[in-house]
2 protein chains.
Amino acid sequence: MKELGNGTVVGILGGGQLGLFLAQSLARLGAHTSVFDPDSQAPALRHTARPFSAPFSEQSRLLAFAEQASVITYEFEHLPVHYLAGLGEHVAKIRPSLKVLEVAQDRLIEKKFLKAGGFPVVPFLELKDGDDLAKLQAFPLPILVKTVRGGYDGKGQTRLNKQADLDSFLPRLKERLSAGEVLVAEQVVELHGELSCIVGRKAKQSFLMPIFENVHQDSILDTTVFPAQISDELRRQVEELSTAIATALDVQGLLTVEYFIVKEASGLKIYVNELAPRPHNSGHLSMQAFNISQFDLLARLLLDLPVGKIEPISNACFAMANILGDCYHDKRLKLEALADAEGLVEILLYGKEEPRPARKMGHLITTGATVDEALTRARAVRLALSGS
Amino acid sequence: MKELGNGTVVGILGGGQLGLFLAQSLARLGAHTSVFDPDSQAPALRHTARPFSAPFSEQSRLLAFAEQASVITYEFEHLPVHYLAGLGEHVAKIRPSLKVLEVAQDRLIEKKFLKAGGFPVVPFLELKDGDDLAKLQAFPLPILVKTVRGGYDGKGQTRLNKQADLDSFLPRLKERLSAGEVLVAEQVVELHGELSCIVGRKAKQSFLMPIFENVHQDSILDTTVFPAQISDELRRQVEELSTAIATALDVQGLLTVEYFIVKEASGLKIYVNELAPRPHNSGHLSMQAFNISQFDLLARLLLDLPVGKIEPISNACFAMANILGDCYHDKRLKLEALADAEGLVEILLYGKEEPRPARKMGHLITTGATVDEALTRARAVRLALSGS
């Protein structure tokens with residue numbers, strides 16, 4: 001086991017809120033942190049004495065960042081792998097590996113990997129050339145067409161509900177394919193619910209976090225509750241799948257697996273939706289609910305510290321609600337509402353200057369005797385903060 | 001109410017663990033932070049993009065620090081007030097005020113202030129000149145003689161248990177008084193227990209944290225438990241006294257009040273032991289146990305955010321155990337013990353490089369169904385970490 005506090009520097013690629021909270025967990029274990037983000041206003045850059053802000057293409061800066069780091073991780077998966085691959089001997093410091101990153105940052109590679117591994121995914125179709133247009137027309141509606149790279153929080157998605165939508169989309173699609181773009185069409189399933197499971201992994205050992213239950217609005221995570229209201233059988237399936245996927249990818253660090261629950265004739269069935277090899281928005285309430293948060297877990301893995309059993313601190317139920325830029329009026333929240341926010345156990349504001357619509361500006365966590373009570377309170381506090 | 005994330009910079013004097021955790025709470029509310037510490041290795045300096053490291057006497061650096069800060073606070077009270085007083089218009093940014101700092105950093109001024117205000121303190125004696133030696137000889141043993149300034153964690157204290165101790169101490173004392181030193185003699189009371197209460201205050205409004213119960217070893221905080229095992233009547237007295245003292249000092253920010261519980265013929269009686277106008281070691285478990293930690297509370301006060309009711313998140317009981325340098329062998333903890341640490345909900349390592357005896361290196365927090373269970377677990381984890 002390494003000794004801490006004597007110069008261990010963890011480099012974090014990406015300085016958003018996930019990077020900030022990871023840096024805080026690392027600081028609480030005595031480590032130094034360094035942050036690289038092309039946006040000089042990124043929140044985590046403010047809270048490190050080793051900030052690096054440059055485009056990823058500026059190889060000399062990226063190399064300087066890599067050289068001073070003992071280990072490197074990332075807080076979002078849309079990183080230019082080719083630049084990172086140019087870091088020579090320092091590539092070995094990156095956790096999870098570039099191989100994992102390549103799978104998780106491309107929807108098509110990800111889906112193919114999952115399907116090939118026998119993991120349940122909803123039917124999808126690769127859209128690459130003219131031949132694929134015919135296949136798309138035979139594909140059952142409704143359909144979600146997504147860019148294979150760079151999309152998150154619903155960006156780069158087109159939903160086709162009926163034949164007319166498809167007909168009007170086809171000419172544009174044809175153009176995009178001709179221009180060399182690759183897309184993926186996904187069958188839209190009717191959701192009974194959504195889950196996420198965060199698994200940590202070091203060498204061949206996996207560490208599962210308790211499962212979260214999520215609700216998205218317009219493809220952006222809206223709320224999460226804990227504990228997830230699911231059967232033991234579903235819980236077992238999610239845990240097995242998450243561990244198996246992390247193992248198949250040989251993840252060293254964190255992997256978040258998002259799931260759809262679909263009601264089928266045979267009962268509730270789960271499908272893997274997406275992979276994120278990093279801390280995840282749906283894991284925020286681990287900071288309040290568990291003995292080891294998702295950020296603590298990753299910090300321990302990166303610092304080569306033992307993990308132990310991850311478990312809830314109490315029997316309380318929790319809910320997390322994202323605060324998007326949409327909640328702001330005149331660029332501000334009605335923070336006065338904090339004075340009588342019932343059940344509120346955490347309010348985090350990420351310090352981003354521009355509260356654009358759909359931009360994640362903060363989140364809040366409430367507690368309650370039941371998940372419904374916690375969730376009702378979370379929504380009420382958010383509503384009050386938005387001045388409604 | 002001010003808007004955050006748009007350039008609010010909170011300056012923190014002192015970069016130890018208390019400064020670091022305060023900076024983390026501020027970061028979680030979107031604020032920028034800046035840290036000033038003469039020791040360039042201070043933990044909090046690593047986690048800010050605005051570090052200042054210089055002696056306090058370097059007025060130009062102190063001024064530069066003050067100029068870029070919207071508001072200034074401190075994480076320890078042994079600051080040279082005369083240098084801070086030289087900051088001109090920026091003095092008004094300092095919270096709590098220099099007046100509070102002057103009272104809290106001098107044991108004699110503090111005791112006189114408390115006595116004059118009618119707050120219960122154990123009998124004490126000012127030792128200034130030769131005349132006071134006779135008074136000391138008439139003072140009931142055992143006695144604790146303390147320096148009036150700069151002492152913390154038992155530093156600068158001499159305990160006189162019996163007449164022989166006093167006799168052998170007197171010549172040295174005489175010399176020190178001749179050299180112009182001022183000391184204070186305190187009657188040693190037999191402790192039934194110790195408590196602390198942290199009160200936040202903004203304008204004329206006070207915000208009380210739930211009370212902690214503490215145990216010291218060799219004058220250094222050893223363990224804290226929550227909830228304190230005290231009667232409602234004692235709780236009421238502590239709350240009233242803490243609020244009254246913060247009000248008398250017109251504290252803007254945090255005030256920690258430490259109490260002795262003494263068993264007297266009439267029942268349990270409480271005495272005020274010490275004041276600290278800042279977050280406090282005994283408040284660490286507020287990070288896990290309460291909806292608003294002591295650091296969150298101070299952050300909200302400094303950022304002019306509403307506070308609301310401070311309360312436990314659950315019915316769980318908690319214990320905190322300090323990890324001193326004494327727990328280290330060959331400059332390391334046996335961190336392998338984390339793998340099966342029962343009931344552990346937090347382990348914090350401050351990242352200090354030199355694990356000297358009696359130096360606070362970290363702390364851990366455990367939970368349990370009772371405070372005894374939590375405390376037993378905390379001690380067991382610490383023992384395991386120390387390799388015993």
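This is a predicted model: local features need pLDDT of at least 70, side-chain atom pairs count only at pLDDT 80 or more; totals for chains, interfaces and linings use all residues.
Two strands are taken to pair if DSSP finds at least two bridges between them.

**The four-stranded sheets**

In chain B, 4 strands form an open sheet in the order β3-β2-β1-β4, and their pairing is parallel. The edges of this sheet are β3 (51-52) and β4 (71-74) of chain B, each of which pairs on one side only. Strand β2 (residues 32-36) of chain B runs parallel to β3(B) and is joined to it by 2 bridges, with B:Val35 standing opposite B:Pro51 of β3(B). Helix α1 (residues 17-27) of chain B packs on the sheet, where it touches β1 (9-13) and β2 of chain B, and the direction of the helix makes about 165 degrees with that of β2(B).

Chain A likewise has an open sheet of 4 strands with parallel pairing, in the order β3-β2-β1-β4. Its edge strands are β3 (51-52) and β4 (71-74) of chain A, each pairing on one side only, and in β3(A) the residue opposite A:Val35 is A:Pro51.

**Strand pairs of chain A**

| Strand pair | Bridges | Direction |
|---|---|---|
| β2(A) (residues 32-36) and β3(A) | 2 bridges | parallel |
| β9(A) (residues 191-202) and β11(A) (residues 212-217) | 3 bridges | antiparallel |
| β11(A) and β12(A) (residues 220-226) | 5 bridges | antiparallel |

**Domains of chain A**

The domain assignment divides chain A into domain 1 (9-94), domain 2 (123-187) and domain 3 (191-385). Between domain 2 and domain 3 of chain A, the C-alpha centres lie 29 Å apart.

Which elements give two or more residues to the side of chain A that touches chain B? In all, 45 residues of chain A are in contact with 45 residues of chain B, and the elements that give two or more residues to the chain A side are α1 (17-27) and β16 (344-349) of chain A. The largest share, 4 residues, comes from β16(A). By residue class, the side of chain A that touches chain B divides into 22 nonpolar, 14 polar and 9 charged residues.

Notes
Residues are numbered from 1 along each chain as its sequence is written. Chains are lettered from A and ligands numbered from 1 in the order in which they are written. Two residues are in contact if their C-beta atoms, placed from the backbone, lie within 7 Å. Ala, Val, Leu, Ile, Met, Phe, Trp, Tyr, Cys and Pro count as nonpolar, Asp, Glu, Lys and Arg as charged, and the others, Gly among them, as polar. Axes are lines fitted to C-alpha atoms, for helices over the stretch in contact, and angles run from 0 to 180 degrees between N-to-C directions. Domain bounds come from an automatic or database domain assignment.
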